[in-house]
Structure formats: structure tokens, C-alpha cells
Amino acid sequence: MHESSLINISLFILFLPLLGFVITLLLGKKVKSIYIFENLIIIITFLSSVYLLFSKLSYFRTEKINAELEWFGFNNIINGTTLSINLGFMIDNITAIMLFVVALISMLVHLYSIEYMKGDERYNRYFAYLGIFTFSMNGIVLTNNILMMYIFWELVGLSSYLLIGFWFEKKTAADAGKKAFIVNRIGDIGMFAGILILFFTYNTFSFDKIFSSIGSGILPFNSDFWLTITGVLLFCGAIGKSAQFPLHVWLPDAMEGPTPVSALIHAATMVAAGVYLVVRIFGLLTADAMLFIGIIGMLSAFIPATIALTQNDIKKVLAYSTVSQLGYMIMALGIGAYQFAFFHLVTHAFFKAALFLGSGSVIHAMHHEQDIQKMGGLRKKMPLTYWTFIISSLAISGIPLTSGFLSKDGIIASSLAFSDLTGHYLFPIFSLVVAFLTAFYMFRLIIITFHGKPKDEHKFEHAHESPFLMVMPLVVLATLSIFIWYTPNPINSEQGWFLSKWIEKPVLHTPDKTRFDFMKMGNIESNLSHSYIESEVYKEAMHHSHLSAMILSGLVAVLGIFLAFTVYQWKKIDADKIAKSINPLYKFSFNKWYFDEIYNKTFVALTIGLSRVLAWFDNKIIDGIVNGSAFLTKHFSFFIGNFDKYVIDGIVNFTAYFNGFAGLIVRRIQTGKVQSYLALVIFSIVILLFIFK
Amino acid sequence: MINFPILSLITFLPILGMLIILFIPKRQALFIKTFTIIITGIQLALAIFLLSNYNFNLAGINDIKSFQFVEKFRWIEIDGFAWLGKIKIDYFLGVDGLSVPMILLTTIITFIASISSWTIDKSIKGYFLMFLLLDTGMIGVFVALDFFLFYIFWELMLLPMYFLIGIWGGPRREYAAIKFFLYTLFGSVLILLVMIGLYFSSMETLADGTRVFTFNMLEMMNPTNYTQNGILSPLNPANLRFIAFIGLFIGFAIKIPMFPFHTWLPDAHVEAPTAISVILAGVLLKMGTYGILRISYPIFPDITKDLLWWIALFGAINIIYGAFCAMAQKDFKKLIAYSSVSHMGYVMLGMAALNTLGISGAILQMFNHGTITAMLFLLVGVIYDRAHLRDIDGFGGLGKQMPIYTGFVTIAFFAAIGLPGLSGFISEALVFLGGFGNESIRILAIVSTLGILLGAGYMLWTLQRVFLGTLPDKWKELTDLDAREYIMFIPLVIIIIFLGVYPSPMLNLMNSSVNTIVDLVEKSNEILKSIGSL
């Protein structure tokens, strides 16, 4: 087996879903069963990704496979330089794992949707859209340069737009799609500016080339500060795509899309692209940039967790939970817990997809009811949905024996270590608080939905377990939320194959003086493949925090679940009473911290207001000047016309009139009588004689 | 190489067609329409044939030897005319990497516009006569290398446009036509003045060694041809080059249209029939930026260099101001018109960057905007033909009623907001890369990225108001696209996707010419020094 065959497989994986999209879209109207083709395509894609993952991990585990070709180029004949813009692909273990995750969840969602979307009038088009999404997402995963990242970044944005607004007859769905695209664009502008800086400085988009240039001391505008800014700007893309504070507002609205889409795009894969981006650009982040990222992540983990506590829409709870978990990953990257961040991305993808598909199963059974206050008691009716939901919720809460425990515990341990090393103690505090809140709101959701008595008897009567194609994905995903896939030791993941063998260790390329102290390489800096997590200081800090993290994270998770049971199952505490006693806080959470209201009153109103003012200005002032000058010219010409008519022509006419008048007077003497003429002649001659004498 | 005068053929083929149509009786409407489509089709085929014989390595711009398909002979010759001396005007055509993309664009757009003109039902013969005359004028502008000839084509285009808007237009057609005509004429006068000034400032050497004043653009670009005391000669300490540049620039800027000279555009577009809107936005606007690159840059490189920041500033204003204005529009066509103002701003920004990336991006954006906006206007025409309404808020939910039409609209809208994979993205990205690469306009380039966001804002908002949501009952009768409309849209979609995925051919086509322009302007000071100015 040769390296290039891996590239070939990955290209196959990339373009196959595109083919599916084109064929399904074009034939969708004519061939009713074309969706089967799209499903076959995705199954082949998945099998190829399994093959790729297997080959990569068994034959090329330590290699990083690169392939590039010129996309377009510029020759400058005059000074002999050339500039090429390349398309490139890079496969390391992270790529291979990510491709597998995307293909797997995409396949499960395809199959699930066969049942879930049944009877939809745009059934085939839905599958076509899933195809273009899978294509774009694979592109993000496979690329080796930031420009292509941006290109596929926008394309997933498009597929997200199309799928959120899939039921575009509903105004809320159309609104949500538009909001998602525009809010994402805000982040993308920052990312684009970062790309401009990178290209201007390094004349390439390739991650590796940029890293090696930074390693050899070439910085944007020759300053550390601008390197930090570049990192932060690129991260703006992640703020948008991964719905981080303050651009998180689009994700809960995106739940207007069909539920399987929420599972695939808005929980497991696309929203994790932001995390993936930070993983890819990690090498150029300075300490300041990382701190910024960490703080954004921390706030994004905390704020939505507080909102999820009071929401009643099953999908909204999960959406806020997604933002919160993404914040966790972003924070983990900010504090240097690179491997755990990616680990959490993977584990979260599985259990969150399971949760969303589970909620879809519930919604399907309840005839499109999403309000959990109208559910209850579904446990008996839908046992498989219930148990997979339980396993996934245990995973997201971080209960031992689940995958979530491994990744979450790792992040908490890293945050403890980080606070030890740098003194930023807020990170561990917030991560524990969020872990507690997560466990609480997840079990609140479960208890209200599945336990107790049904609130809507009619709907409950008709509820039933979902068909095989919908339950099977739940079971697969719930199974993947068990520790055994990642490590043989359920309480320590670091020795497991996933972390120690598969995920590459983080390598920084930034100048030493811009890093956190514990990340400094000192004299071994020349060895670029050396990772700070192998340094003695870091190892020791991690070792110290390991046990306390495990105990603390286990404790808060159990506490959260226990509290949820106390309040909602055993009703020892009255939730409504508490809500009333802390009414302002409750309202604040229930209304999502008023983000939407504030944005609408400020940015949206400002933009629309400005557009109206400028349009008025354009119409009345700019065009007014044009029309005004035309008006003036016209009236001036009238004036000139009148001047011409009455003054100039008046003079002419006056001359004529005067002459005529003079003639009138003079003609009196022209009597026509010979006698008088004769008398005048004689009289004249007499006078002349007098004169000339 | 081609051994027949292909440029003259492309240029005057429509005139030929016009002469034939003149002798066809009025009632043969069907024949006249088909015949026009055939003529523009042949023209397009000729343009493609020209492209296939074009040597990508030759630069053109200021060197006659690297122009291709050159046709040059004495056209007007008056000996010893008073103090003017000899007047010699050449019939001088030729193409380079700057004009070939524009010829391609013009022939494509004209062909599609002639198909779109099928629905014209008022004085058909007159319409197609004017249409073909306009066609000749447009191509002529892009192939002429003699300033006098250029000016004639420039004016030639004006007349049929006036009638096409004024007779076949909407309710306020007369106002719009006169506004368009007078505004452009105002610009023409400025161009004319500068042209005459340049004529008396540069001399070419004839084969017999005598020196005469010249209208030849390439001779005007050669600094050694300047007379000692010509009014626009850099050798003359009291020269008026700066003012002349501004005048010429305004003349061209009106066509772009550049803020604040843009207000003729929305009116003209709203009133013009669909096909004419398509030509107006697809081709005519490019003449402004083409003129600047073809004439202003190489003839006034010294002034250009000093004023790049201002060009970029107006580019940025166009981008942002146009986008805000577009957002507030209620008329679908007006919205597209303002989006043109915004998108032409990218062209100016790219030109001002004065580097390979920026100018390539600008020319590519001219082409891409031509195809994308043509498509947008055609799409508005489709709905206007059916509903006789252009009020954005009067629609809703058309996505359900006209799914294929909505699909095309979605492609065109996303191309307009620069979605990667579609052509608009490449040119906008190049403009920004170029703009950021030029230190003096870097901030303006960054500010202009706001246009990307605003563009997404107004386009998606429009998409939602017209195509998403619930369908009002009165639009339940609307039919989806018919075969003729498919024929118009599919080629455009193919071009938009092709250039979005593989822009290389187009970029290679212009590469050497772009480099020559950049070099010419960059080195202007050295050259001026070498001839003893400065």
C-alpha cells in the first residue's frame, strides 16, 4: 500500500457525496426513488472512510500525508516571480478519525431520515441537501490550507442555510436559515481578514508552510502582537460556526430545521468545524490568543448552560447544551488541552447525535410536539429510545464508564493543571459549574419527558416506538458512547489507544516569548516535533490534577443528577416555587439572557435604519442634485428663452416698430399732390442756395 | 493565425444584420427575432473562435506588436488643414488580455439578451434594429485602439440605448431615457475634451519620418511622443494632466457608475425592458472600468499612481453605500441595480490595488458581475412577465409554486454574495487579496469586507420575502420556467460554476496584460524622469 492510495480514497470520499447531491437534485422530481441512490452513496462513503481510517492507523500511523496541485496561478513575466494558489489535501490521524465520524453520523442520519421524513413533499431534495453537506464537511476535514478551509466553510454554511430553511413555508424556519447564514458571515469576515494577513505575510495558504515560516521567525508585520491578532481573527470564524458567545444566537433558532439535520449539522459535525479549525491553526496561536479563545470558550460553556435549565422545547435544551459543550471544547483548546478537545469533539459527536435523534424519535412519536411539558411517561412506550437517551445523557453528564466521562474529565484535569501552572483559576471553577449544570438540565429533560405521568393523554395514546431505521442509529450511537472504544481503562483515558496512539500531540510554532511559560521549549526549540505536553512540568501538573479532577467531576455530575431527581422525580423541592423566588434570574435564563432582543434593538435596527437613511439620502439628496440641476437648467433655459423672446427679439421688434412709427409720421408729407411736392422742391432749393452761397 | 479581419467582422456583423432587417417587412416579426438571435449567435461563435486562436502570452496594452488580430489603416487623412497641420486618423482595431474577456462577455450577454427579447411585442422591427446597432457600438468600444474611433463607438452606443429605454421602457421611460442620455453625454463631453487635449500633446512619427499629431492610444501611451508644450504633456511645466485625468475619470465613472454619479442607473434599470437591463448591467457598466484601465491608467500613469487611494475610497464607498441602498429598496429591479453599484465597487477597489492580484480580480469581477447580474435581471424579468409586479413585499412563497425558477434564483443570489464554488467568490477574493497587499489602501480593503456581510443581508432577505414563507392565493397560477428561459439560464449557470471552480483559463488570458498595466503605472516616475520631466 502506498501513501498516494490514501489520497485517492480520500478524494473518493470527498467527491462521492457531491455526485450524490447532483444526481439526486437533478433527478429528484422525475425519479421518486432516487433517494435510495443517495443512501447507497453515503453507505459507500462510510465504508471507504472505515477503510481509510483502518489503513491510516495501521500502516501510516505516524505519517502526515500531503498532496497538492495548482488551482490557478499568476506569472509575473516582468520580474520573473510566480504565485500559485493551490488545492491541497492532508491526511493525519485527526483527519482520518474526523472523516470517519462525519461519514458515520451522516450515514446514520440518512438512514434515519428515510423514516423520519417520509411523506415530505420535497423528500428527494432533502437527501440531495444532505449530500452537499457531507461533501462540504469532508472538504473542511481534508484540506491542508486555510483558503480551502474557508471555501468549504462557506459551503457548509450554504447547506446549513438550505436545511434549516427546508420547511421554508414556515416563517420561523426561513428566518432561522437567514439568521444562521448572516451571523456566520460576521465571524467569517474576521476569519477572512485573518486569511488576508496570512497570505500577505507568507504568500501561501498552506498550514504547514505557514507554520514553518512562523517557526523560522517570520511574523505578520514583524510583530508578536499581529500574530496574536491573526490567531484571534481566524478564531472569529470558529465563533460563528461553532456558535460561540457572542455569536451563539443562531444555533437555537436553527432547530427549525428537520431534527435529523439538527443531529448531523447542528450538533455533531458542522458546528464542531469551528473546533476543528482551531485544532488546525493551533500551531500559530500565541498565549494571548489562546487566553482569548479560552475565555470565549468558558463563557460559551457557561451562558447556554444556564439558559438550558429553563427551556421547555426539547430541541432547544439540546441546542443550548450543544453550544455549551462546544464552548467546553473551545475552552480546552484555549488552555492547551488539545488532545482532550478533539477527543471531546468525537465523543460529543456520538452522544449528542444520539440525543438529537432520540429527541427526533420522541417528536415523531408525539406528532411533532416539541414541548416537554406536554410529554411525560414515554419510558414505557419507547423503551429503546429511552435507554439510548439515558446512556447518552450519562455520557454528556460525564458519569464513569461512558466516553463523555473520559473526555470531560480530561478537560477538567487540564483546566486544573492550567490553573496550577498559570494561576487562571476561573477555568476549573467554570468547567465544574458547567459540568454540574449539564448533568442537572439533561436529567431534568429526561424526567419530564420520559418519567412521570403523560400530560397529554391523547398524544400519549398514539405514541409508539419508532421503526427500525430510526432506532438502529440510536443504538449504534449509544454504543459508541461507552468507554471501551477508546481505552481499556474506564477511568483513565491517557493510556488508551485513542489518546496515546491515535491523536497527534499538539506542536506550537510560535516564538518562545509569546507562549505560556509551561509551553516554552527553551533550548529544545529546534526540535519542531516536540510537544509541550511531554514536558516534565506539564506532565507533573497533569499528574497532580488527575485524581482531584476525577473525583470532582464525578461528584458534580452525580450531584447534578441527584438534584434533578429530587426536584422533578421525587418533587422534594418545588421547581415553580424556586423559579418564583428567584424570578428575575429565572426570567433572565428563560429569555436567553435577552441576546436576541439586544441584537435586534442595536445591530439589526442600526443596519436597517442606516440603510433607510442612506436610501433616502440617495433618492432625495444625490438624485435631488441631479434632478435639481436638470430643473435649474430647464428653468434657466426658459428664462433665456423669455429673454430671447422679449428682450432680444423685443429690441428687434422695437426697431421695426420704431421704424414703422417713424414711417407713419413721415408719410404724412407724402400726400401724392404734385403741387405740394413742387412747393417743397422750390422751398428746398431756396434753402440750399442760402447754404452754399 | 486567422487571415481575415475577424475583429471588423465581429464588430460590424450586427450592422450587416441591421441592413438586412431594414428590408424585411414589419409583419415578419418571427423572422426578425430569429434572425437577430442567429446574428448574435454567429457573433458569439466568432468570439469563441477568436479566443481559440488567441495567444495567451502576449500582453498588448501599450505595445502594438503584442496586440493580436490587429487591423490598422488610414481612415481619415486631411493634408495641410490650416494651422492644425495634417490630420490623420486610423481605423485601428486590436485585442489583448484586457479586451478579450470583455468581447466574450459582450457576445455572450448579447446573445442571451436577444433570446430574452423574444417577448418584445411593440414595434418589433425598430427594436431589433436598435438592438443590433447597440451591439456594434459595444463591441467597437472594446476593440478600438484609436481614441477617435473609440469615441465614435462610445457615442454610437448611446443613441440606440436612448431609444430602447425611451420607447420600449416602463411607465417613466422618457424620464429615465433622458436622464441616462444626458448623464452619459455629460461624461462624453469630458472624454471628448481630454481626447482633444491629448491629440495636441502627442505626436507620432510616420513611416516617412514626418511627425503628426495622433489619436492613436498606443502612441499616446509612449512618453517619448509628447510634444514640448502640449497642454497635457508632462514636458510642459504648466500642463493640465491632473485636471484632464479627473475629467476623463469622471467621464468613465458615470458609466461604472461611481458614487455620486450613479443615480441614473436605478431609474434606467427600472424602466428599461428586461433585455436592455441585462445589456446595461452586463456590458455597459464595464465600459467605464474598461476605459479607465485601457486609457486612463496607461496614458496618465503618473496621475493614476497619485490617486490610487481615492479610487479605492470611491470603490469602498460604492461597495458599502450601494449595499445599504440596496437593502432599503422595495422594487426588485432597483435592488439589483443598487447591488450592481455595490459590486462594481469591487472592480474599482481591485484596480486601485495596482498589483497582479488586484487588477486580475478587477477584470475577472467585471466578467463575473456581467454574467451574474445579467442572470439576476433576467430572473426579475421572468417574474415580471408573469406577475407584472416587481414589489418585493408583494410576493412570498414562490419557492413552492416555481421551484426550478427558485433554484436558479438561489444560484444567482449566492453567486452575487460571493459563495465559494461560484464565480463571484474568486474575483472578490482576489480583489481583497490585492487590496490588502497594497499598503496604502489596506484599511479601505478591510473596511470593504463589510460589503460581504451586507450583501448576504440584503440578498437573503430578498430571497426570503419573495420565495420563502407562504404563497398568497393570487400567485397560485404562476407557471415555472419554459424552454426558452431554460436556454437563457443554463449557459449562464454553467459559466458561473465553471469560473468558480476553475478560474484558471480566464486568469491566464489576462495575466500578461495585467502585469503590463501594473508595470507601466509602477514605473511611470522613472519613465517620466527619463524623458526629462519631473
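This is a predicted model: local features need pLDDT of at least 70, side-chain atom pairs count only at pLDDT 80 or more; totals for chains, interfaces and linings use all residues.
**Figure 1. Overall build of chain A.** Chain A contains 26 helices and two strands. Its radius of gyration is 38 Å, well over the 26 Å that the globule rule gives for 693 residues, so chain A is more spread out than a compact globule. Along the principal axes, the C-alpha atoms of chain A fill a box of roughly 155 × 70 × 60 Å. Buried residues make up 51% of the 693 residues of chain A. Among contacts in chain A with a separation of 6 or more, 79% join residues 24 or more positions apart.

**Figure 2. Overall build of chain B.** Chain B consists of 534 residues, of which 62% count as buried, and has 21 helices and four strands. Its radius of gyration is 23 Å, which agrees with the value near 24 Å that a compact globule of 534 residues would have. The C-alpha trace of chain B spans about 75 × 60 × 45 Å along its principal axes. Of the contacts in chain B with a separation of 6 or more, 78% are between residues 24 or more positions apart.

**Figure 3. The side of chain A that touches chain B.** Contact between the two chains involves 36 residues of chain A and 41 residues of chain B. Four elements of chain A each supply at least two residues of this side of chain A: strand 1 (65-76), helix 5 (146-164), helix 6 (171-202) and helix 25 (595-666). Helix 6 of chain A gives the most, with 13 residues. By class, the side of chain A that touches chain B has 23 nonpolar, five polar and eight charged residues.

Figure 4. Helix 10 (residues 259-268) of chain A is largely enclosed by the rest of the structure, because ten of its ten residues are buried. The buried residues are Thr259(A), Pro260(A), Val261(A), Ser262(A), Ala263(A), Leu264(A), Ile265(A), His266(A), Ala267(A) and Ala268(A). The elements of chain A that cover these residues include helix 3 (93-116), helix 4 (123-142), helix 5, helix 9 (250-253), helix 13 (314-334) and helix 14 (338-365).

**Figure 5. Packing of helix 6 against helix 8 in chain B.** Helix 6 (residues 173-199) of chain B and helix 8 (residues 241-255) of chain B have axes that come within 8 Å and cross at roughly 150°. The crossing of these two helices of chain B is left-handed. From helix 6 of chain B, the contact includes Tyr183(B), Phe186(B), Leu190(B) and Val194(B), and from helix 8 of chain B it includes Ala244(B), Leu248(B), Gly251(B) and Lys255(B). The residues of the contact between helix 6 and helix 8 of chain B divide into ten nonpolar, six polar and one charged.

**Figure 6. Packing of helix 13 against helix 19 in chain B.** Helix 13 (residues 356-387) of chain B packs with helix 19 (residues 483-501) of chain B at an angle of about 150°, and their axes are 10 Å apart. This angle makes helix 13 of chain B roughly antiparallel to helix 19 of chain B. The two helices of chain B pass each other in a left-handed crossing. Asn368(B), Thr371(B), Ile372(B), Ala374(B), Met375(B), Leu378(B) and Val382(B) of helix 13 meet Glu485(B), Met488(B), Phe489(B), Leu492(B), Ile495(B), Ile496(B) and Leu499(B) of helix 19. This contact between helix 13 and helix 19 of chain B has eleven nonpolar, two polar and one charged residues.

**Figure 7. Packing of helix 16 against helix 19 in chain B.** The axes of helix 16 (residues 423-437) of chain B and helix 19 of chain B come within 6 Å and cross at roughly 45°. Helix 16 and helix 19 of chain B are therefore oblique to each other. Ser423(B), Phe425(B) and Ile426(B) of helix 16 meet Ile496(B), Leu499(B) and Gly500(B) of helix 19. The residues of this contact between helix 16 and helix 19 of chain B divide into four nonpolar, two polar and no charged.

**Figure 8. Surroundings of Gly315(B).** Gly315(B) is found in helix 11 (residues 301-328) of chain B. Gly315(B) is buried, with 31 other C-beta atoms within 10 Å. Leu349(B) is 34 residues from Gly315(B) in sequence, and the C-alpha atoms of the two are 4.9 Å apart. Leaving aside residues up to four places away in sequence, Gly315(B) touches Gly345(B), Met348(B), Leu349(B) and Ala352(B).

Technical notes
Residues are numbered from 1 along each chain as its sequence is written. Chains are lettered from A and ligands numbered from 1 in the order in which they are written. Axes are lines fitted to C-alpha atoms, for helices over the stretch in contact, and angles run from 0 to 180 degrees between N-to-C directions. Angles under 35 degrees count as roughly parallel, over 145 as roughly antiparallel, 65 to 115 as roughly perpendicular and the rest as oblique. A crossing is left-handed if the near helix is turned anticlockwise from the far one by less than a right angle, and right-handed if clockwise. Two residues are in contact if their C-beta atoms, placed from the backbone, lie within 7 Å. Ala, Val, Leu, Ile, Met, Phe, Trp, Tyr, Cys and Pro count as nonpolar, Asp, Glu, Lys and Arg as charged, and the others, Gly among them, as polar. The radius of gyration is taken over C-alpha atoms; the globule rule is 2.2 Å times the number of residues to the power 0.38. A residue is buried if 20 or more other C-beta atoms lie within 10 Å of its own, exposed if 12 or fewer, and partly exposed in between; C-beta atoms are placed from the backbone.
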